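Dear colleague,

Please find the structure below, together with its sequence. My notes on helix packing follow it, and I would be grateful if you read them with the coordinates open.

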Amino acid sequence: VRLIQKGRLEISYCWLWLGVGVAAPLIVIRYDWLLWFSRQIGAVSPVTTLFLFSILVLFLMCLQFSLVISLQRRQIKRLTQQIAMRTEQK
């Protein structure tokens with residue numbers, strides 16, 4: 001939250017970090033939920049479930065970064081085309 005206030009982090013990125021920040025202590029406090037969920041998905045140990053969650057979080061981060069990079073590439077291309085058109089007109 002402090003990084004958002006300082007303008008160093010976009011608000012679109014904060015939701016994933018806030019989710020991780022809430023989930024980590026929740027897993028420690030409610031370890032029985034982790035054990036229950038591990039049994040539901042058929043995991044051998046709770047460590048496997050945590051590893052699965054970690055991979056999913058990393059996947060979501062990569063997906064979000066890919067979306068942002070794609071959007072910025074399109075914006076840069078559009079801007080360079082606009083600049084090129086303006087320099088040709090002069």
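**Helix 4 and its surroundings**

Helix 4, covering residues 46-89, comprises 44 residues and reaches 65 Å from its first C-alpha to its last, close to the 64 Å expected at 1.5 Å a residue. Please bear in mind that the model is predicted.

The buried residues of this helix are Pro46, Thr49, Met61 and Gln64. Their cover includes helix 2 (11-29) and helix 3.

As regards helix 2, its packing against helix 4 has an angle of about 170 degrees, and the two axes lie 11 Å apart. Because an angle over 145 degrees counts as roughly antiparallel, helix 2 is described as roughly antiparallel to helix 4. On the side of helix 2, the contact is made by Ser12, Tyr13, Leu16, Trp17, Val20 and Ile27. Helix 4 contributes Leu50, Val57, Leu60, Met61, Gln64, Phe65 and Val68. By type, the residues of this contact divide into eleven nonpolar, two polar and no charged.

As regards helix 3 (residues 31-41), I draw your attention to Ser38, which lies within it. Is Ser38 buried or exposed? Its relative accessibility is 3%, so Ser38 counts as buried, the cut-off being under 20%. Neighbours within four places in sequence aside, Ser38 is in contact with Ala43, Ser45, Pro46 and Thr49.

With kind regards

Notes: Residues numbered from 1 in each chain as written. Predicted model: local features only at pLDDT ≥ 70, side-chain atom pairs only at ≥ 80, totals over all residues. Heavy atoms only, no water. Helix = DSSP H or I, 4+ residues; strand = E, 2+ residues; numbered from the N terminus. Buried < 20%, exposed > 50% of the residue type's maximum accessible area, 1.4 Å probe, protein only. Contact = heavy atoms within 4.5 Å. Expected span 1.5 Å × (residues − 1). Axes fitted to C-alpha atoms, helices over the stretch in contact; angles between N-to-C directions. Parallel < 35°, antiparallel > 145°, perpendicular 65-115°, else oblique. Nonpolar A, V, L, I, M, F, W, Y, C, P; charged D, E, K, R; others polar.
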